[in-house]
Amino acid sequence: MANLTSNFIGIKSPNPFWLASAPPTDKKYNVERAFEAGWGGVVWKTLGSEGPPVVNVSGPRYGAIWGADRRLLGLNNIELITDRPLEVNLQEIKEVKRKWRDRALIISLMVPCDEDSWKDILNRIEDTEADGVELNFGCPHGMAERGMGSAVGQVPEYIEMVTRWVKKHSRMPCIVKLTPNITDVRKPAEAAKRGGADAVSLINTINSITSVNLDDFSPEPMIDGKGTHGGYCGPAVKPIALNMVAEIARSAETRGLPISGIGGVTTWRDAAEFMALGAGNVQVCTAAMTYGFKVVQEMISGLSEYMDSKGMTSTADLVGRAVPNVTDWQFLNLNYVTKAQIDPDACIKCGRCYAACEDTSHQAIAMSPDRVFSVKDDECVACNLCVNVCPVDNCITMRTLPKGAVDERTGRKVGDYANWTTHPNNPSVKAAE
Amino acid sequence: MTNSPLTPGVVPGRLPAQAYHDNFTDHEPPLDGHEARVAADRCYFCHDAPCMTACPTSIDIPLFIRQIATGTPEAAAKTIFAQNILGGMCARVCPTETLCEEVCVREVAEGKPVEIGRLQRFATDTLMAKGVHPFTRAKATGKTVAVVGAGPAGLSAAHRLAMKGHDVVVFDARPKAGGLNEFGLAAYKTTGGFAQREVDWLLQIGGIRIETGRALGRDLSLAELQKQYDAVFLSIGLAGVNALRAPGEEMAHVRPAVDFIAELRQSADLSSLPVGRDVVVIGGGMTAVDAAVQSRLLGAETVTIVYRRGQEKMAASGYEQDHATSAGVRIVTHAAPVAVLASGEVEFAYTADTPDGLKQTGETFRLKADQVLKAIGQTLTGVPEGLALTSGKIAVDAAGRTSLKGVWAGGDCAAGGEDLTVTAVAQGRDAAEDIHAALVGA
């Protein structure tokens, strides 16, 4: 069995699966249950400054969207940072870390944007023996209205400034948690790096309204007839998170900056995808909230099976493997030609491919009177839509034309690699004088 | 073809050759990858799942189904085999409708359980098809254990003991290992020589030697085994068959259903297997159903199961009963055999439940029967001296310990089981754990 041991910025854990800072990590009771179930580490739910704790709503905190059969696809929440007294949290963190030496325990922090506040909280957590801190610059609801969370994360200069304070007043490894509610995630990542962050973690939740109550005309979750935007997470946000992780992993300015991947990790495969795109480990919340802590067992066995099948002996063999293959559109090979092909034996004759292609694409699928569907190679632009809408696994596949073969649509032979930067239609290409 | 379903007497070849193939193919065909993912998707990953509690071997069913759902059926198989090394056979023959699937929350809520049995088969078949044996032996302990009986309990015990580093010899009176997996059960539940393939796969763990044709009491004595081995596990099954206690049962066309099934399971050419035109099966359990359905599949014109109590008391599940009736078997309840007649009939008396127990009402009827199969239960025979019995079976404690020091027992021969493959596997496994603890002085 592959060795899943993880060493993330010097923080060791028996596997790369951490619970993200969130409701499941708010108390010793939950965290110990998580460790018993096999989680490699936890990021304790965000602590705030000393003083009266924050107050949460006493109506619904979560909204959701579901697939058929009530599969939970996306969750949003309006819960704030921990609403328990600071001293209670600190005491419990200390107890848990002493009892679970082999697990990673990180403390998430969110205090007002002044140096004294950060210095103070860092002093207070010093003797918990926690392995590191995560700066919550991500939460988009509630606390952001008070100038914290994503309100900091949306201003790279603030990120850099606070990170600097943290590195100045603490020897703990520092992870900066980024908000996706920005236009270019590389900017805050660069700021974190400049400030001295040991790593970034992303994504925090996405501003969202999951649904609207059409009887009461209020967003859900509804609190006394009103709703507010909450932070969206769960399987639905994974594609957004993957892209943001990849952007940081491949950017020249941030390349090599360790990343803790977050965003809809539900299965081993999700975790492996984040890691291939450069995440050194992953953090999970919604999957645990949906299925319970035991869900980590599938992630462990699945990742292990996968690594064995690929001959990978350590997680380092996987991390970043896909990063070199993430590129800009302009560098994609314009001489790479594929054609859809439909396996008539596998086809169940539903006609979805035909409708998709005929109505919304390139009219490249023919349908016979007895419902046999076939691809017109002289029309097919290889868009992949038919593959994506087909309900049968491997019924429609893409066939790659070999070099020298004629593309019946263009009449041209498949040539060598060439991209937009040298394409004759590109107005910025200067003809050689 | 000279014979047909209408040919009188007990004759072979009642059907065209192709019919034998079609009739004895997989009763429930395996799921393909897509079907398995769709079926797995229905599992809710319940907390403290009722299915897992209902499984006699406590397989972590939600976990293995999730592992199938996430495209790792090999990991799913490991989850299954860690609890039940004969998970492949159990996937085929477990009465899931009265175990895991009966308590599935979706069965309770919708009447449509997650197809746990078929998903288990998908996972175990996938791993076994790769020829992978997922376990390795612990360091050799130098201890030896004799297992008597190579059925599910014996194989399960042997595997667990071998895994713990002990050297195991399994003795079996029959010419092949497998016990009822090989000689009992309906052929359409375990096609393609699966029972032997499973034994071969299980033996890949190493450290197990099988000696067939060695019967306890004839070729072996318990006292000798106790002397030669550090521990003995008895899983000798139930070799005896209960009598009808009706005149005429000595006639040649009356035979135990288990013998009929064993012969069928070992037959290389089912068209050469004789079966009656009118078959009467007496009993109400799985053996009765297996014998009756297979008689029909061999070409019998009429097959009737006659059970002395009410339908609700039948040991065969409702699912099994439905399977029998859909195969064209008639089920008659509340009727007990009175006499097997030379006329080629069996006379039955109707029965009724009374405050004093089951009583014959005095009203009788006759069924044509050129073949009568007795399926009214098996009994323990050939018990070595000195072993305490309870209710006709070997008395054991929760860990499988018998009244004799150093001797454990499990499977159908031991008291407390349910005469199911899966309970036998659990008992073998648990006894092996206790033997291991005893041998290494834990």
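This note reviews the predicted model in numbered points, from chain A to the interface and then to one residue of chain B.

1. Basis of the note. The model is predicted, with local features requiring pLDDT of at least 70 and side-chain atom pairs pLDDT 80 or more, while totals for chains, interfaces and linings use all residues. Residues are numbered from 1 along each chain as its sequence is written, chains are lettered from A in the order in which they are written, and side-chain values use heavy atoms, with hydrogens and water left out.

2. Chain A as a whole. Chain A has 12 helices and 22 strands, taken as DSSP runs (helices H or I of at least four residues, strands E of at least two) and numbered from the N terminus. Its C-alpha trace spans about 75 × 60 × 45 Å along the principal axes. Of its 433 residues, 51% are buried (under 20% relative accessible area with a 1.4 Å probe, protein chains only; exposed is over 50%, and partly exposed lies in between).

3. Domains of chain A. The assignment, from an automatic or database source, gives domain 1 (6–325) and domain 2 (329–432). The centres of these two domains, taken over C-alpha atoms, are 40 Å apart.

4. Extent of the interface. Chain B contributes 19 residues and chain A 16 residues to the contact (heavy atoms within 4.5 Å). The buried area is about 1,500 Å², with 43% from carbon and sulfur atoms; this is the accessible area (1.4 Å probe) that the two parts lose on being put together, summed over both. On the side of chain B, the residues losing the most area to chain A are B:Phe45, B:Arg66 and B:Thr70, together 37% of what that side buries.

5. One pairs A:Arg71 with B:Asp41, whose closest N and O atoms are 2.8 Å apart. Helix 2 (33–41), helix 4 (61–69) and helix 5 (73–83) of chain B each give two or more residues to the side that touches chain A. Helix 4 supplies the largest share, 4 residues.

6. B:Asn84. This residue lies in the loop between helix 5 and helix 6 (87–93) of chain B. B:Asn84 counts as buried because its relative accessibility is 1%. Leaving aside residues up to four places away in sequence, B:Asn84 touches B:Thr57, B:Ile59, B:Cys90, B:Val422 and B:Val425.

Note on methods:
A salt bridge is a side-chain nitrogen of Lys or Arg within 4 Å of a carboxyl oxygen of Asp or Glu.
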